[in-house]
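This report looks at a predicted model.

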Amino acid sequence: MRVSFLTGVAVTAAALLASPALTQDVPRNPYTQPSTAYYNVQTWPSDFATPGYVRASNSGIFVESPDRIYLITRGEVKLPNPLPPAFNGSISSVPELLRAKPELRNCIIVANARGDVIERWTQQDHLFAVGGRGPHRIKISPYDPERHVWVVDDSGQQIYEFTHDGSRLVMALGEPGIPGSDERHFGRPTDIAWLPDGTLFVADGYANSRIVKFDRNGKYLLSWGTKGSGPGQFNLPHGIDIDQNRRVYVADAHNSRIQVFDENGRFLDQWPNIWRPDVIMVSADQHLWIATGATDMMLKYDLNGKLLEAWGSPGAGPGEFHDIHGFSVDAQGTFYAAEAAGGRTQKFTPKPGADPAKLVGAPQPLMHMAAK
């Protein structure tokens, strides 16, 4: 099995790549290079919360194109009156806002790269009342010519498939609000990924410790994994993606590692000592990009488990990260990061002359849409 490391103190990334360390020895952020070394950064999109409210935790994002970017939030929090002096427009700036119970409204919005909100899927907000926490992940399969939009609702124990415009719920997997570990139920699912034929893999999840495989029509095929730290076991499978060779990558968050399987669940490899990998994406050029919630970094690995790049810094300032819970990239390399604890979304535009190897890779292109 290959080993990948995060280690050391505030020194250069190149020196760090050569030195092993145990996960518990890794400081919160051992790297010096911030995202602003490579990107110009701005808060995005324009404010879309109801007047008198602020959007709550930003749990996920998916870029279809610069004209169509999907953002999910866990509702809205009522602002105190008067506003505390420390309020900076996000829930993370005022502790009482972080503790407040959100109202599940404007949970799915669509915006463009300028930050204009072009759609609000308020017709679907009621679905998240079952679990009460709001949506967890949003994606479109790169192989779907109809570009249906999939939303994972961990607390509601369901996965939803919507039409491209959000007007119709096409399919729902799982039973509303009912947890389980059989063929029909989930234990707080977290993420999804696809094979070219539409076969669907679900990371399941906060309560269960398994991967579940369905066919394109939602028929259960198989599952693998139990709670634990051995090969093929999980402690919060929080992210999942698949490469062009059909290998399945799982962010085993609380085991601080990436595990690799074939499409039928046979264990192939693990990359340990990656402190809480939360979100992963196989880029079109076949690298694995990882957002780490504990160290607030973006990491780039080759598909043999070698760490190639690492950058990022924690905080509430522009370009700093506060618990990345979702990220996505457009074909031009513009990178968007949604923060769960920070309650904001940031847009990262590559600086002229930035080293392309440092920039988060573009995702696999979406299939052309079917003619209407």
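## The largest pocket

In this predicted model, the largest pocket holds about 490 Å³ of space. Its lining is made up of 32 residues, and those closest to the centre of the pocket are Phe-62, Lys-139, Pro-142, Asp-241 and Met-281.

## An open sheet of four strands

Strand E24 also belongs to an open sheet of 4 strands, which follow one another in the order E1-E26-E25-E24 with antiparallel pairing. At the edges of this sheet lie strand E1 (39-44) and strand E24 (324-329), each of which pairs on one side only. On average, and with direction ignored, neighbouring strands of the sheet are turned by 20° against each other.

Within the sheet, strand E25 (residues 335-339) and strand E26 (residues 345-350) run antiparallel and are joined by 4 bridges. Ala-338, for instance, has Thr-345 in E26 as its bridge partner.

Ser-90 is found in the loop that runs between strand E5 (76-78) and helix H2 (95-99). Is this residue, Ser-90, buried or exposed? Ser-90 counts as buried because its relative accessible area is 7%, which is under the 20% cut-off.

The side chain of Ser-90 makes a polar contact, at 3.2 Å, with the side chain of Ser-92. When residues up to four places away in sequence are not counted, Ser-90 touches Val-54, Leu-97, Gly-342 and Gly-343.

Terms used. Residues are numbered from 1 along each chain as its sequence is written. This is a predicted model: local features need pLDDT of at least 70, side-chain atom pairs count only at pLDDT 80 or more; totals for chains, interfaces and linings use all residues. Side-chain values use heavy atoms; hydrogens and water are left out. Helices (H or I, at least four residues) and strands (E, at least two) are DSSP runs, numbered from the N terminus. Buried means under 20% relative accessible area, exposed over 50%, partly exposed in between (1.4 Å probe, protein chains only). A polar contact is a pair of N or O atoms within 3.5 Å; within protein, one must be able to donate a hydrogen and the other to accept it, and residues adjacent in sequence count only if both atoms are side-chain atoms. Contact means heavy atoms within 4.5 Å. Two strands pair if DSSP finds at least two bridges between them. Axes are lines fitted to C-alpha atoms, for helices over the stretch in contact, and angles run from 0 to 180 degrees between N-to-C directions. On a 1 Å grid over the protein atoms alone, a cavity is a set of points where a 1.4 Å probe fits but cannot get out, and a pocket is an open set with protein on both sides within 12 Å along at least five of seven lines; lining residues have an atom within 4 Å of a point. Grid points are joined across faces, edges and corners, and a volume is the space filled by probe spheres set on the points.
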